[in-house]
Amino acid sequence: MARLPKQLGWLMWEADLRTLDVQRDGNAIIPRVLECGRLIDVQWVLKTYGRARIHTFLRDVGDIQLTPRTLAFWRAVFRAKEETWANPRALRPRSAAPWID
């Protein structure tokens with residue numbers, strides 16, 4: 001079991017880092033780092049998962065945590081403007097409270 005480096009633990013604050021497996025839990029780790037991580041964290045994700053896995057994740061899985069701004073950045077990185085990507089945000093119920101995005 002490959003563990004998450006301690007310096008990335010702050011991103012997965014709600015998880016038990018002793019049971020988090022880098023490969024098995026990649027679909028939870030990737031979006032958190034892409035959305036909230038520092039440059040060094042994103043470099044780790046790119047090294048660990050590779051561009052192909054990250055691109056596949058964004059295209060086929062997606063995550064509600066990923067903002068339109070972050071997705072636009074990664075679309076530019078992958079030159080994927082015309083691709084259809086997963087959009088879990090579309091499935092989220094709209095809040096009656098206007099201050100909640």
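The model is predicted, so local features need pLDDT of at least 70 and side-chain atom pairs count only at pLDDT 80 or more, while totals for chains, interfaces and linings use all residues. Residues are numbered from 1 along each chain as its sequence is written, and side-chain values use heavy atoms, leaving out hydrogens and water.

**Exercise 1.** Work out which secondary structure the protein chain has.

Solution. Start by counting: there are three helices and zero strands. Helices here are DSSP runs of H or I with at least four residues, strands are runs of E with at least two, and both are numbered from the N terminus. Now read along the sequence, and you get the pattern α-α-α.

**Exercise 2.** Find which residues of helix α3 are buried and which are exposed.

Solution. First, the cut-offs: buried means under 20% relative accessible area and exposed means over 50%, with a 1.4 Å probe and protein chains only. In α3, which spans residues 68-77, T70, L71 and W74 are buried. They sit on the same side of α3 because they cover an arc of only 95 degrees around the axis, going by directions from the helix axis to the C-beta atoms. Next, look for partners: the buried residues of α3 pack against α1 (26-36) and α2 (39-61). Contact means heavy atoms within 4.5 Å.

**Exercise 3.** Say what follows α3.

Solution. Step past the helix and you land on R79, whose phi is positive, near 50 degrees.
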